[in-house]
Structures are given as structure tokens and as C-alpha cells.
Amino acid sequence: MIEEVKKVKDNKVLSTDYVEKELEVNPYGHFIVYKKEGIVVGYLYYSLIYDRIELNYIYVNKSKRGMGIASKLMSYMIEDGEKNNIKNITLEVNVNNKEAIKLYKKCGFVVAAIRQGYYNGEDGYVTGSDMTLTFTEYDKDLNWLDFSL
């Protein structure tokens, strides 16, 4: 799998050395890939720690964006959380990453906090999703900051 991830074009999110090391040392880590025509075009790495999930990275090749791949990866992670009776999912996102924010909003995540200067001087949102509610209930009445998307 690591060799396949190395072939993901424009992969600048995380190094394959990092992935290899994480999978060796993180017993909670889950790394999933999305293949299109046998080629890895996206991946998601998360940690399922007891009763919660932390989304560490999600990435889709730029030429394959807008095809629902990120949503499918997120759905897989959320379903895994439901199967494991987790209480919440958390993640961090740069306030300027509008594409990711739109995806997370669609998946029912809400802003829990702001980390000042977290991303090389740029702020980051800490978001979460309460697994006691269904994601369709979140979609009806999102408590999300206005990002002017």
C-alpha cells in the first residue's frame, strides 16, 4: 500500500516515510485508500482511540476532486466509528482551507475552538462531531460558523 501512496500525483500532504512510521508505532491508526481504475487517488488516515476518532489526514488527487471521493472516505470513517460505538470525531483544519471546511460541514462537523497561528501563523479550527446525533440531524440545523462558502 505504501508504494501505491507514493504514486499519488501531487501528494504534498504527508510523506510516505511518515505513513510507514505511523503504521508501525500507532496501534490506533487506520489508513484507507481510494482507488480509481486500480490507482490510488485518495486516502484518509485516522486514529480510533477508545471511544473517539481523530482525523489526521485526508487527501484526494487534485485531478480527481469534485467526484465525491473525499465524501466516500469520510463516510467510511464515520461508519467505522458507528460500528465501534465512538462518542465523537475531531479534526483540525486551516481556516483558509475552504474546500475541506465545506466537506466537514457537509459531514456534520461543527467548530469547537480556534487555534491561533496553528498552521504556520494561520489559524486553525478544531471541529468535532457528536456521534449521539445522526448526521442527517446535523444537516438540518448546522451549528457552523459562517465561512461564506
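How much space lies in the largest pocket? In this predicted model, the largest pocket holds about 1,100 Å³ of space. Its lining comprises 34 residues, of which Ile58, Tyr59, Asn97, Ala100 and Tyr104 are the closest to the centre. Two or more lining residues are given by each of β3 (52–60), α3 (69–83), β4 (88–94), α4 (98–106) and β5 (110–119). Strand β3 supplies the largest share of the lining, namely seven residues. By class, 17 of the lining residues are nonpolar, seven are polar and 10 are charged.

The largest nonpolar core contains 27 residues, and the members that touch the most others are Leu44, Leu55, Ile58, Met74, Met77 and Tyr104. Two or more residues of this core come from each of β2 (39–49), β3, α3, β4 and α4, with α3 giving the largest share, five residues. For Leu44, the contacts beyond four places in sequence are with His30, Phe31, Ile32, Leu55, Tyr57, Ile58, Leu73, Met74 and Met77.

The average pLDDT is 77, and 75% of the residues score at least 70. Among the elements of the chain, α3 has the highest mean pLDDT, 93, whereas helix α5 (residues 135–140) has the lowest, 33. Over residues 132–149 pLDDT stays under 50; for this segment the model has 34 contacts beyond four places in sequence.

Terms used:
Residues are numbered from 1 along each chain as its sequence is written. This is a predicted model: local features need pLDDT of at least 70, side-chain atom pairs count only at pLDDT 80 or more; totals for chains, interfaces and linings use all residues. Side-chain values use heavy atoms; hydrogens and water are left out. On a 1 Å grid over the protein atoms alone, a cavity is a set of points where a 1.4 Å probe fits but cannot get out, and a pocket is an open set with protein on both sides within 12 Å along at least five of seven lines; lining residues have an atom within 4 Å of a point. Grid points are joined across faces, edges and corners, and a volume is the space filled by probe spheres set on the points. Helices (H or I, at least four residues) and strands (E, at least two) are DSSP runs, numbered from the N terminus. Ala, Val, Leu, Ile, Met, Phe, Trp, Tyr, Cys and Pro count as nonpolar, Asp, Glu, Lys and Arg as charged, and the others, Gly among them, as polar. pLDDT is the predictor's confidence in each residue, from 0 to 100. Contact means heavy atoms within 4.5 Å. A nonpolar core is a set of buried Ala, Val, Leu, Ile, Met, Phe, Trp, Tyr and Cys residues joined through side-chain atoms within 4.5 Å. Buried means under 20% relative accessible area, exposed over 50%, partly exposed in between (1.4 Å probe, protein chains only).
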